[in-house]
Amino acid sequence: MMTRNRMLRWLVCGRLGPVWMWKALLFFVAIAFATQLLGIIFNKSSTQPAAHSIFSSPDAQGPSLGSCQPHTHIMFLKTHKTASSTVLNMLYRFGEERNLRFALPLGYQLGYPLPFNAHRVKGYRGPRATEFHIMGNHMRFNRPEVEKVMPADTFYFSIIRDPVALAESSFAYYKEVAPAFRKAKGLGDFADDPNKYYDPRLRNNHYARNLLWFDFGMDNNANFSVELAQHGEAMIRQTFRLILVSEYFDQSMILLRHALCWPLDAVVSFSLNARQQKPSSNSIMGGSWVGKAAVAAGVGARAGRSQGKMLPNLSLTDHQREKLRQWNALDWYLYKAFNRTFWEDIDKFGRAQMEQEVALLRMRREILGRVCLRDGGKPVEAYRIRDKNIRPFQSGVVKILGYELQPGLDNATRTACLRMIRPEIQYKDLLDSKQFPRPVQPQLGQQGQGLLAAGGAFGRHDSSRTGEKMMMGEAEMERERDWDGSRIMKSNQTLKGVREKERLR
């Protein structure tokens, strides 16, 4: 019996070690297991990786561009009725995502229709005093003044459109703005005898003749000659490194992407500021929105009163189309010249490669449309858009369409999608508020109330976020009066018309 007990003690203490050692080992194993279990739980609950956004996928970059560096000094001449609002949205998105500085206007246009002056840029303090990266709001081009604002290595580009299609769009948007259009029953009537309706001395009639030529800074009423047209073409070529063509928008975006060395998603877009092509069932303009085009040109109240009128007649015969080309002969010359150069650039790029990249662009647009947009991505009338902050402003008697976001998006995807559909005016206000943050105003006491009672502008309600802001014709700014004679004031956000509330509605 003694021999057997000694043998057991020898096995336990000698061969397998003391009992306390086993207890310690089991204790540490339990601690390690508990630590691992807690770590798994913690990782699942507290360090869950962020939801993957489609905008961060490899497809967002597109085909390789090699070792080039993205351009960040960019000047875009935003011509009228050429899909330029869609292009400006791309610039806004690119700059906002990278915290670039925009050369923003004091109001909504850079002094248009006056020739551009550097002092129209908000925050401008003299040549090279401030670095501006992107300039793209409406202006009448004036190269010496632009060069005071933008760095020497700036990439200049613009976009053009067939003058007949441009005339159709201009007539629809500016029917209540340009006297020449206002007098005509329809675009066909105007085309039959433009001189019957057109007076070059009347303000805003530049919308009715050679509008591209005017936007490039030249005399739109000059008599056509080949020598003059060639001189204008040469001036444009000397400054602008790329001229896009609205009718070939997707091909234009591929050329632009390669010229700027930008990722594919930077040039994927949804059409913005597009007008409704067919009238609704009652063919009457509804709602109470005053349009960007009309109010920026200084006729906001008149455009507002135009609501309720029938949509303009834009039908044209082939003969009338040809007469419009003759009427806009300087624009027609530019369009033919730069359309020819455009296709020469595509030939250099390679037709097969262009087809492949355009297909990728369209596929990416379709994918992002399904992700971002409600109802299959179809544009809708402004009053149908639930979020009032992304309703497009309305112009005259045509309906400007917009988009609704898909519900249930994660934060990163929603932010990127919202940038793609945010209307131009609201986007400009957003960028303005980021570059020029408004100081926090103290609460008004009796002293502040006295200032308001005395007629001071201090603490006046800023209605810009509700769409009630009335913009001004900036040609009147030098006289410190708006187009209708009302006083104007400067704020950290924009130049605002100071009017009675009933005028704003």
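**Backbone geometry, nonpolar core and helix packing**

Asparagine 210 is located in the loop that runs between α8 (194-197) and α9 (211-215). In this predicted model, asparagine 210 adopts a positive phi of about 45°, although it is not a glycine. Most residues other than glycine have a negative phi, and most peptide bonds are trans. The relative accessible area of asparagine 210 is 1%, and this residue is therefore classed as buried, the cut-off being under 20%.

A positive phi is also found at cysteine 261, which is not a glycine either; here the value is about 60°. Cysteine 261 belongs to the loop between α11 (249-260) and α12 (292-296). With a relative accessible area of 8%, cysteine 261 is likewise buried. A further backbone feature is the cis peptide bond between tyrosine 112 and proline 113, for which omega is about 10°. Proline 113 is part of the loop that connects α3 (84-97) with β2 (134-135).

The largest nonpolar core comprises 112 residues, of which Met135, Val149, Phe157 and Phe190 touch the most other members. Helix α15 gives the most to this core, contributing 9 residues. When neighbours within four places in sequence are left aside, phenylalanine 157 is in contact with Ile74, Met75, Phe76, Leu77, Val87, Leu91, Phe240, Leu242, Leu244 and Leu256.

The packing of helix pairs was examined next. Two packed helices are described by the angle between their axes and the distance between the axes. Helix α15 (residues 329-349) packs with α11, the two axes coming within 11 Å and crossing at roughly 65°. The crossing of α11 with α15 is left-handed. On the α11 side the contact involves Gln251, Ser252, Ile254, Leu255 and His258, which meet Phe342, Asp345, Ile346 and Phe349 of α15. By class, the residues of this contact divide into 5 nonpolar, 3 polar and 1 charged.

Helix α15 also packs with α10 (residues 226-239); the axes of this pair come within 10 Å and cross at roughly 50°. Helices α10 and α15 are therefore oblique to each other, and α10 passes α15 in a right-handed crossing. In this contact, Leu228, Ala229, Gln230, Glu233, Ile236 and Arg237 of α10 meet Leu330, Tyr333, Leu334, Ala337, Phe338 and Thr341 of α15. The contact of α10 with α15 has 8 nonpolar, 2 polar and 2 charged residues.

A further pair is formed by α3 and helix α18 (residues 424-435), whose axes come within 11 Å and cross at roughly 25°. Because angles under 35 degrees count as roughly parallel, α3 and α18 are assigned to that class. The crossing of α3 and α18 is left-handed. The contributing residues of α3 are Ser85, Leu88, Asn89, Tyr92, Arg93 and Glu96, and those of α18 are Glu424, Tyr427, Lys428, Leu430, Leu431 and Lys434. The contact of α3 with α18 has 5 nonpolar, 2 polar and 5 charged residues.

How values were computed:
Residues numbered from 1 in each chain as written. Predicted model: local features only at pLDDT ≥ 70, side-chain atom pairs only at ≥ 80, totals over all residues. Heavy atoms only, no water. Helix = DSSP H or I, 4+ residues; strand = E, 2+ residues; numbered from the N terminus. Buried < 20%, exposed > 50% of the residue type's maximum accessible area, 1.4 Å probe, protein only. Axes fitted to C-alpha atoms, helices over the stretch in contact; angles between N-to-C directions. Left-handed = near helix turned anticlockwise from the far one by under 90°. Contact = heavy atoms within 4.5 Å. Nonpolar A, V, L, I, M, F, W, Y, C, P; charged D, E, K, R; others polar. Core = buried A, V, L, I, M, F, W, Y, C linked by side-chain atoms within 4.5 Å. Parallel < 35°, antiparallel > 145°, perpendicular 65-115°, else oblique.
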